[in-house]
Amino acid sequence: FTISPREIIYRAPGDDSVQRYIMEFSCGEPFVEAEMEFVALYVRGQSFLLHQIRKMIGLVMAIAQGYTSEEAIERAWKPERMDVPRAPALGLFLSRPFYNFYNDKYGNDGVHQPIEFESYEEEIKMFREKICNVIVATERRENCMMHWLSSLSSHNYEDKKEEKKEKEEEKKEVEEENEEKDADCQTQAVEKG
């Protein structure tokens, strides 16, 4: 009995286990660091799917750059798989975990302690600064975002089933044209013969 990694990870779009809740999504003011412009995006949610945030940012960037329209957001909600670019992972990090549900349910039950980070604010701030310094240095050295932005034109932002159907239709048209050419060639050969 063998289970492939895809069977373990993949869940159908309607599966309850893939439902996620975004409680907050905000954008900070742009800032310049090491002669590069950055913007901090803050996403607070119940939990996240693999690549969820990177795809959300990727699709918005593609719209902002004019590679697709805002209707792509509506298509992204549909169960059909869609070609959505993933923004680079560089810069994505967990800024703070929240345990509100746990704390509300168990934090004051007399058995468990609430999970809180207020007493570690200074250490968290210093660690976050270290992470941000690494992000800036890596972006400066490797130019990840600019390379990724240049790849946005290679996506079609369409439903993958539609894309497959279009390719099959194009293939069928080419095959029909080739059959017609073959028939014309055979007719010409018979006429000459």
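This is a predicted model: local features need pLDDT of at least 70, side-chain atom pairs count only at pLDDT 80 or more; totals for chains, interfaces and linings use all residues.
Residues are numbered from 1 along each chain as its sequence is written, and side-chain values use heavy atoms, with hydrogens and water left out.

Student: Which pattern does the protein follow along the sequence?
Tutor: Helices (H or I, at least four residues) and strands (E, at least two) are DSSP runs, numbered from the N terminus. The secondary structure comes to seven helices and four strands. Read along the sequence, the pattern is α-β-β-β-β-α-α-α-α-α-α.

Student: What percentage of the 193 residues in the protein is buried?
Tutor: A residue is buried under 20% relative accessible area, exposed over 50%, and partly exposed in between (1.4 Å probe, protein chains only). Of the 193 residues, the buried share is 17%.

Student: What span does helix H2 reach from its first C-alpha to its last?
Tutor: Helix H2 covers residues 52-64, which is 13 residues. The expected span of a helix is 1.5 Å times one less than its number of residues. For H2 the expected value is 18 Å, and the helix comes close to it, reaching 18 Å.

Student: Which strands and helices do the buried residues of H2 pack against?
Tutor: The buried residues of H2 are Gln52, Ile53, Arg54, Ile57, Gly58, Leu59, Ala62 and Ile63. Contact means heavy atoms within 4.5 Å. The packing partners are strand E1 (22-27), strand E4 (41-45), helix H3 (71-76) and helix H6 (144-151).

Student: Is Gln52 buried or exposed, and which residues does Gln52 touch?
Tutor: Gln52 lies in helix H2. Gln52 counts as buried because its relative accessibility is 15%. Leaving out residues up to four places away in sequence, Gln52 touches Arg20, Ile22 and Ser47.

Student: Which element gives the largest share of the lining of the largest pocket?
Tutor: On a 1 Å grid over the protein atoms alone, a pocket is an open set of points where a 1.4 Å probe fits, with protein on both sides within 12 Å along at least five of seven lines; lining residues have an atom within 4 Å of a point. The largest pocket is lined by 50 residues, and Ala40, Leu41, Gly91, Leu92 and Phe93 lie nearest its centre. Elements giving two or more residues to this lining include E1, H2, helix H4 (100-107) and helix H5 (121-142). The largest share, seven residues, comes from H5.

Student: How many residues in the lining of the largest pocket are nonpolar?
Tutor: Ala, Val, Leu, Ile, Met, Phe, Trp, Tyr, Cys and Pro count as nonpolar, Asp, Glu, Lys and Arg as charged, and the others, Gly among them, as polar. Beside ten polar and nine charged residues, the nonpolar residues number 31.

Student: Where is Pro30 found, and which residues does Pro30 touch?
Tutor: Pro30 is found in the loop between E1 and E2. With a relative accessible area of 47%, Pro30 is partly exposed. Not counting residues up to four places away in sequence, Pro30 touches Glu37, Phe38 and Val39.

Student: Why does Glu35 count as exposed?
Tutor: Glu35 is found in the loop between strand E2 (31-33) and strand E3 (36-38). Glu35 counts as exposed because its relative accessible area is 74%.
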